[in-house]
Amino acid sequence: PGHFVWTDGSSYRGSFVSNEIEGEGTYQWGDGRSYTGQWKKNRMNGTGKFNWPDRRSYEGQYVDDQRNGQGTLTWPDGRRYEGQWKDGKQDGSGSFYTVKGECKVGTWSDGKKIS
């Protein structure tokens with residue numbers, strides 16, 4: 001494992017292979033965003049958790065820096081989406097939970113609920 005800091009304030013702590021971020025590690029952006037999880041060739045790949053400064057979080061699968069596969073996006077007010085993702089957007093079957101805890105099950109396409 002290693003640690004690297006960029007001039008923009010971003011940093012990475014974790015595994016490297018041939019000078020690329022590879023394996024398990026945490027990347028912290030200068031603006032407060034962070035990702036802890038699996039990496040492949042400097043990209044989020046595999047399973048991990050992404051946090052935003054406004055307290056939103058996504059935990060699930062990534063392919064080439066995009067949310068892809070199964071994952072959960074949670075908002076600070078308690079809303080959350082649990083389900084399938086494609087190219088960074090809700091896509092496929094999923095469940096959306098409102099602030100009051102009501103569950104809406106359906107199908108999403110390109111980030112929009114279609115049924």
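Tutor: Before the core, a term: a nonpolar core is a set of buried Ala, Val, Leu, Ile, Met, Phe, Trp, Tyr and Cys residues joined through side-chain atoms within 4.5 Å. Buried means under 20% relative accessible area, exposed means over 50%, and partly exposed lies in between, computed with a 1.4 Å probe on protein chains only.

Student: Fine. What are we looking at, and how are residues numbered?

Tutor: This is a predicted model, in which local features need pLDDT of at least 70 and side-chain atom pairs count only at pLDDT 80 or more, while totals for chains, interfaces and linings use all residues. Residues are numbered from 1 along each chain as its sequence is written, and side-chain values use heavy atoms, with hydrogens and water left out.

Student: Then which residues have the most contacts inside the largest nonpolar core?

Tutor: Y35, W39 and F50, in a core of 16 residues. Two or more residues each come from β3 (20–28), β4 (34–40), β5 (43–51), β6 and β8 (80–86). Strands here are DSSP runs of E, at least two residues long, and helices are runs of H or I with at least four; both are numbered from the N terminus.

Student: What is Y35 in contact with?

Tutor: Contact means heavy atoms within 4.5 Å. Leaving aside neighbours within four places in sequence, the partners of Y35 include W29, M44, F50 and Y62. The list also has G25, T26, Y27, N45, T47, G48 and K49.

Student: Now the sheet. What is the strand order?

Tutor: The sheet is open and has 11 strands, ordered β1-β2-β3-β4-β5-β6-β7-β8-β9-β10-β11, with antiparallel pairing. Two strands count as paired if DSSP finds at least two bridges between them.

Student: Which strands stand at the edges?

Tutor: β1 (2–5) and β11. Each has a single partner strand, so one side of each is left without a neighbour in the sheet.

Student: Start at the β1 end. How many bridges pair β1 and β2?

Tutor: Four, in the antiparallel sense, with β2 covering residues 11–17. V5 has S11 as its bridge partner in β2. The hairpin has five residues between the strands, and G9 in the turn has a positive phi of about 95 degrees.

Student: And what about β2 and β3?

Tutor: Those two are antiparallel as well, over six bridges. G14 is partnered by G25 in β3. Two residues lie between the strands of this hairpin, where S18 takes a positive phi near 50 degrees.

Student: Where does Y58 sit in the pairing?

Tutor: Opposite L73 in β7. Strand β6 (residues 57–63) and strand β7 (residues 66–74) are joined over six antiparallel bridges.

Student: Jump to the other end. How do β9 and β10 pair?

Tutor: Antiparallel, over six bridges, with β9 at residues 89–97 and β10 at residues 103–109. The partner of S93 in β10 is T107. Five residues separate the strands of the hairpin, and G101 in the turn has a positive phi of about 90 degrees.

Student: Where is T98 found? Is it buried or exposed?

Tutor: T98 is in the loop between β9 and β10. T98 counts as buried because its relative accessible area is 14%. T98 touches G78, R79 and K104, not counting residues up to four places away in sequence.

Student: What joins β10 to β11?

Tutor: Two bridges, with the strands antiparallel and β11 at residues 112–113. W108 has K113 as its bridge partner in β11. The hairpin has two residues between the strands, and D110 takes a positive phi near 55 degrees.

Student: Changing topic: how many salt bridges are there in the whole structure?

Tutor: Six. A salt bridge is a side-chain nitrogen of Lys or Arg within 4 Å of a carboxyl oxygen of Asp or Glu.

Student: Which residue does D65 form a salt bridge with?

Tutor: R43, with the closest N and O atoms 3.5 Å apart. This pair links distant parts of the chain: D65 is in the loop between β6 and β7, R43 is in strand β5, and they are 22 residues apart. D65 is partly exposed at 29% relative accessible area, and R43 is partly exposed at 39%.

Student: What does R33 meet in a salt bridge?

Tutor: D31, at 2.9 Å from N to O. R33 is partly exposed at 24% relative accessibility, and D31 is partly exposed at 47%.

Student: And D54?

Tutor: The side chain of D54 meets that of R56 in a salt bridge, 2.9 Å from N to O. D54 counts as partly exposed at 40% relative accessibility, and R56 counts as partly exposed at 26%.
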